[in-house]
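Q: Could you take me on a close look at one residue in this model, and then show me what else stands out around the chain? I would enjoy a connected walk-through.

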Amino acid sequence: MGKEQVDRLLASLVESKGEMVSEFETKEVIRNWGLSATECMLADSVDEAMQFGKNLGYPIVLKVHSPAITHKSDIGGVKLNLKDPGEVKTAYEEIKKVCESIDPNFRVLVQPMAKPGIEVILGVSRDPQFGPAVMFGLGGVFVELFEDVSFRLIPLSGNDAIEMITSIRAFPLLKGYRGKEAVDIEMLSNMIVLLSNLVVQYPFISEIDLNPVIVYSKGATIVDARMKLT
Ligand code: ADP
Ligand code: MG
């Protein structure tokens, strides 16, 4: 675990440059960088998926793992909250049905179902003029419909990260709304700084998307991630 591991992982991924790095591999990298992401296992059969469910503890999530499929849920490749081996079997068959024709070598990613919380998005992209910037926003309609996001150029400080979080219009939702508890703003700002540092350290990471990160009153978990290398 740590920087050496990240060096090694990224070195093994540079061949894939230009292509999207899978959720499985991206999470391996960011976990070793100190970011908290769900544990993941890759299954090649229903039996293996069930075994992993037992190891990880139910409920679990199944997702298609294939270089041909980047937006997994768009095609029915994400099955959430599977509570027992029977549900895993059904979900696996459903994924197989839609994905086999797209990629006969598809695999299935198994991970624990994260508890409900507030979904946010963290990302890094590169502007040809200004260079790399981090983006932060709330998940779902907030980004898609309202474009309620904040940006900061990299590198950035803890204060910059806090400013990014507090400057979105939907910030009151994070601060505790109608009696709800506030989310862990400190953890979120730590994550933003870690993400910024990762890209400073490895400038060949051209894009990274943590979408979504589920945030709680204490802690946060990355449930989906992908990146691109140049
Ligand atoms: P996509 O490739 O379509 O973006 P995601 O992995 O983001 O697929 O899954 C779609 C949605 O399912 C996420 O936005 C999130 O709401 C939910 N989700 C995914 N993984 C988990 C998980 N491990 N625990 C809880 N919810 C999850
Ligand atoms: Mg996603």
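A: Happy to! Let's begin with proline 112, which sits in strand β5, the stretch of residues 107-112. Please keep in mind that this is a predicted model. Leaving aside residues up to four places away in sequence, proline 112 touches Thr38, Glu39, Leu56, Pro59, Ile60 and Val61.

On the α3 side the contact is made by Val46, Ala49 and Met50, while α4 brings Pro85, Val88, Lys89, Tyr92 and Glu93. Sorted by class, this contact of α3 with α4 has six nonpolar residues, two charged ones and no polar ones.

Helix α1 (residues 3-13) and helix α2 (residues 23-32) pack at about 155°, with 9 Å between their axes. That angle is over 145 degrees, and therefore α1 and α2 count as roughly antiparallel. The crossing of α1 and α2 is left-handed. Here Gln5, Val6, Leu9, Leu10 and Leu13 of α1 meet Glu25, Glu28, Val29 and Asn32 of α2. The residues in the contact of α1 with α2 divide into five nonpolar, two polar and two charged.

Our last stop is the magnesium ion, ligand 2. Its protein donors are Asn211, through O, and Asp224, through OD, lying 2.1 to 2.3 Å from the ion. Asparagine 211 belongs to strand β9 (residues 205-215), whereas aspartate 224 is in the loop between β10 (220-222) and β11 (225-229), so the pair ties together parts that are 13 residues apart in sequence. As for accessibility, asparagine 211 is partly exposed at 31%, and aspartate 224 is buried, with a relative accessible area of 10%.

Terms used
Residues are numbered from 1 along each chain as its sequence is written. Chains are lettered from A and ligands numbered from 1 in the order in which they are written. This is a predicted model: local features need pLDDT of at least 70, side-chain atom pairs count only at pLDDT 80 or more; totals for chains, interfaces and linings use all residues. Side-chain values use heavy atoms; hydrogens and water are left out. Donors are N, O and S atoms within 2.8 Å of the metal (3.2 Å for Na, K and Ca); water is not among the atoms, so sites may look incomplete. Helices (H or I, at least four residues) and strands (E, at least two) are DSSP runs, numbered from the N terminus. Buried means under 20% relative accessible area, exposed over 50%, partly exposed in between (1.4 Å probe, protein chains only). Contact means heavy atoms within 4.5 Å. Ala, Val, Leu, Ile, Met, Phe, Trp, Tyr, Cys and Pro count as nonpolar, Asp, Glu, Lys and Arg as charged, and the others, Gly among them, as polar. Axes are lines fitted to C-alpha atoms, for helices over the stretch in contact, and angles run from 0 to 180 degrees between N-to-C directions. Angles under 35 degrees count as roughly parallel, over 145 as roughly antiparallel, 65 to 115 as roughly perpendicular and the rest as oblique. A crossing is left-handed if the near helix is turned anticlockwise from the far one by less than a right angle, and right-handed if clockwise.
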